[in-house]
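These are my notebook entries on a single chain. I record what I looked up, entry by entry.

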Amino acid sequence: MAALNLRQKHTECIIRMLNLNQAVGSATGTANEEVYKILIYDRFCQDILSPLIHVKDLRKHGITLYFLLDKDRNPVHDVPAVYFLRPTPSNVQRVISDAARALYDSFHLNFSSSIPRPLLEDLATGTISSDSIQRISKVHDQYLEFVTLEDNLFSLANKNCYVQLNDPSAGDKEIEEIIEKIVGGLFCVLATLAVVPIIRCPRGGPAEMVASLLDQRLRDHLLAKNNLFTEGGNFTSSFQRPILCLFDRNFELSVAIQHDFRYKPLVHDVLGLRLNRLNVKGEKGGMKSFELDRSDPFWTANGSLEFPEVAVEIETQLNKYKKDVEEVNRRTGGDEAEFSGTDLIGNTKHLMNAVNSLPELTERKQVIDKHTNIATALLGEIKERSLDSFAKKESDMMVRGGIDRAELVGVLKGKGTKIDKLRFAIMYLISTETIPPSEIEVVETALRESEVDTSAFQYVKKIKALNVSLASASSASRSNIVDWAEKLYGQSIGAVTAGMKNLLSNDHQLALTRTVDSLMEGKPNPEIDSYLIFDPRAPKSTAGQSHMKGPFKEAIVFMVGGGNYVEYGSLQELVHRQQPAKHVIYGTTEILSGDEFVEQLALLGQKMGLGNSVNNNTGPSK
């Protein structure tokens with residue numbers, strides 16, 4: 001198993017917390033089964049627990065009841081309560097009132113990150129004044145404030161990060177708060193993995209802001225005597241530090257918008273996979289809820305296949321299942337010719353084998369039924385919205401750098417939801433380097449005829465125009481444009497069409513994947529030579545001169561402003577293709593479908609007074 005298995009480490013920390021922060025016996029996986037406990041969490045921590053721990057696992061660790069913090073709860077005596085909460089003033093006030101009401105025997109308080117000093121003092125003051133401080137057994141900083149969805153996939157669940165970072169009206173203070181929040185989440189991930197990475201990022205924009213603050217935070221923390229990164233303790237001396245590659249969503253905008261035809265991205269984008277759960281209409285009309293995680297062998301094995309291949313694979317597995325069932329029936333059916341008294345022992349053996357294979361067969365059938373359900377739902381959407389055609393045409397557009405006018409208008413007037421068409425129009429903007437104004441007019445007219453709100457389209461058009469004027473301005477006037485653009489767009493001047501060369505190389509590899517590959521190799525490369533290096537373990541004076549240039553076996557790739565299953569899949573493919581095997585963990589501020597990301601672009605467009613939203617106030621936006 002790779003040294004960095006985030007899901008496993010995250011789960012171990014949570015199990016330890018459920019067992020009152022005592023070490024868990026490896027044989028049983030539980031610490032003290034006799035202690036019955038109550039678990040209290042807030043909504044955010046519920047999302048942290050949900051993909052990692054199931055209800056049956058809670059029972060195994062002595063948790064008999066579990067409640068949301070903000071629900072009305074009755075006292076339960078002689079029972080310790082495990083609290084798992086974010087360190088917010090309202091949560092701390094609620095704990096103080098629970099203690100004052102003596103709801104539980106003892107309180108084990110676990111904060112998802114670390115509780116700031118002023119809040120800790122409020123907690124002490126509040127519980128002393130109600131004479132309940134003796135109920136508070138322990139207060140722990142857990143550093144678990146992130147959501148792990150797969151072994152190598154995590155999200156900080158920071159909503160609307162892209163809008164906040166690119167909002168033209170955002171002041172320095174707001175931007176700093178968001179960067180602090182992201183750094184706090186990344187620090188939790190690194191603390192859980194117990195690694196201090198070498199940090200690389202492009203210059204400028206949010207990625208650099210996150211990198212330099214994270215570097216500072218790690219440096220400060222490493223000065224403490226008992227810090228969270230006692231490396232070497234867990235690993236052999238050959239342990240090599242990983243590289244953390246930070247990027248900003250504008251580095252490659254297209255991936256966040258395009259339609260994809262692979263199974264995982266499709267299920268996420270079209271059916272709304274959230275926290276590894278999915279609701280799909282069943283055949284009889286009701287909704288069915290499915291879990292899609294590592295316990296599902298089909299999902300793990302086929303998530304990266306194109307949809308038609310997945311359909312074939314379901315068919316294949318179904319036929320294999322039928323054949324195996326027939327085989328069991330044949331052996332146990334007591335066929336006259338086969339059965340003779342002398343072969344009683346042989347027949348008993350057949351029966352035993354058949355009985356033993358039943359649970360495995362039942363399980364296989366459940367998985368097949370589940371994916372048949374999901375594939376049927378997907379197929380309905382694909383046909384209704386021509387999703388296959390969107391995916392194919394967008395991909396061609398990226399490779400060819402454009403599309404002919406008749407085809408473009410055909411798509412915009414054809415099947416698909418309003419947002420499908422809007423996404424397609426934005427992909428056209430991004431993929432085509434120079435577009436005559438008359439063409440843009442055609443696109444905008446077609447969108448308006450379909451009653452599509454064009455704010456998101458206008459926003460990307462504006463950014464693109466800014467980038468072009470930046471590129472063509474002479475150096476004297478350039479600084480003025482840059483100043484003006486920086487004021488107007490906060491951080492986002494960078495790379496929407498600088499992303500042109502980023503779009504897709506001949507082998508359809510994403511720019512992100514290509515860049516991560518180069519950063520892990522550590523060889524000189526013009527694409528990444530300007531990238532900054534931070535080494536929190538190196539003395540400040542040598543910062544940027546880190547001797548750790550690679551090659552790296554392990555990387556953590558983090559996308560500021562929203563990530564998706566397309567990028568995740570692309571990075572995992574990179575890893576599987578390489579010899580010797582490498583290992584990449586992918587994380588992001590939040591996981592977004594194409595529709596959700598375009599909604600954020602539209603919000604930015606509206607904040608800038610662009611677009612034709614139905615109730616558009618045409619007054620200037622601040």
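Is the crossing of α7 and α8 left-handed or right-handed? I found the crossing of α7 and α8 to be right-handed; a crossing is left-handed if the near helix is turned anticlockwise from the far one by less than a right angle, and right-handed if clockwise.

**Entry 1: conventions.** I am working with a predicted model, in which local features need pLDDT of at least 70 and side-chain atom pairs count only at pLDDT 80 or more, while totals for chains, interfaces and linings use all residues. Residues are numbered from 1 along each chain as its sequence is written, and side-chain values use heavy atoms, with hydrogens and water left out.

**Entry 2: the chain.** I noted 21 helices and 14 strands in the chain; helices (H or I, at least four residues) and strands (E, at least two) are DSSP runs, numbered from the N terminus. Of the 622 residues in the chain, 52% are buried. Buried means under 20% relative accessible area, exposed over 50%, and partly exposed in between, with a 1.4 Å probe and protein chains only. I then looked at contacts (heavy atoms within 4.5 Å) between residues at least 6 apart in sequence, and 79% of these join residues at least 24 apart.

Entry 3: Helix α7 covers residues 172-193, which is 22 residues. From its first C-alpha to its last, α7 reaches 31 Å, close to the 32 Å expected at 1.5 Å a residue; the expected span is 1.5 Å times one less than the number of residues. Just after α7, I found Ala194 with a positive phi of about 55°.

The axes of α7 and helix α8 (residues 205-223) come within 9 Å and cross at roughly 55°. Axes here are lines fitted to C-alpha atoms, for helices over the stretch in contact, and angles run from 0 to 180 degrees between N-to-C directions. The two helices, α7 and α8, are therefore oblique to each other; angles under 35 degrees count as roughly parallel, over 145 as roughly antiparallel, 65 to 115 as roughly perpendicular and the rest as oblique. On the α7 side, the contact includes Ile175, Ile179, Val183 and Leu190. On the α8 side, I listed Pro206, Met209, Leu213 and His221 among them.

**Entry 4: nonpolar cores.** A nonpolar core is a set of buried Ala, Val, Leu, Ile, Met, Phe, Trp, Tyr and Cys residues joined through side-chain atoms within 4.5 Å. The largest has 114 residues, and those with the most contacts inside it are Phe247, Ile374, Leu378 and Ile426. Leaving aside residues up to four places away in sequence, I found Ile374 touching Tyr263, Val267, Leu271, Leu278, Val280, Phe290 and Leu292. A second, separate core of 39 residues includes Leu6, Leu156, Leu165 and Val183.

Entry 5: How many of the nine residues of helix α9 are buried? Nine of the nine residues of α9 (residues 263-271) are buried, so this helix is largely enclosed by the rest of the structure. Among them are Lys264, His268 and Asp269. After α9 comes Gly272, with a positive phi near 75°.

The axes of α9 and α20 come within 9 Å and cross at roughly 165°, and the two are therefore roughly antiparallel to each other. Their crossing is right-handed. I saw Lys264, Pro265 and His268 in α9 meeting Tyr565, Val566 and Tyr568 in α20.

**Entry 6: Gln578.** Gln578 sits in the loop between α20 (565-577) and β14 (583-588). Its relative accessibility is 16%, so Gln578 counts as buried. Gln578 and Asp517 are 61 residues apart in sequence, and their C-alpha atoms are 10.0 Å apart in space.

**Entry 7: α14 and α15.** For helix α14 (residues 405-413) and helix α15 (residues 418-431), the axes come within 9 Å and cross at roughly 155°. That makes α14 roughly antiparallel to α15. The crossing of α14 and α15 is left-handed. Leu408, Val411, Leu412 and Lys413 in α14 meet Lys421, Phe424, Ala425 and Tyr428 in α15.

**Entry 8: positive phi in loops.** Most residues other than glycine have a negative phi. Leu20, not a glycine, has a positive phi of about 55°; it lies in the loop between α1 (6-18) and β1 (37-41) and is buried, with a relative accessible area of 15%. Asn160, also not a glycine, has a positive phi of about 60°. I located Asn160 in the loop between β7 (153-155) and α6 (161-166), where at 35% relative accessibility Asn160 counts as partly exposed.
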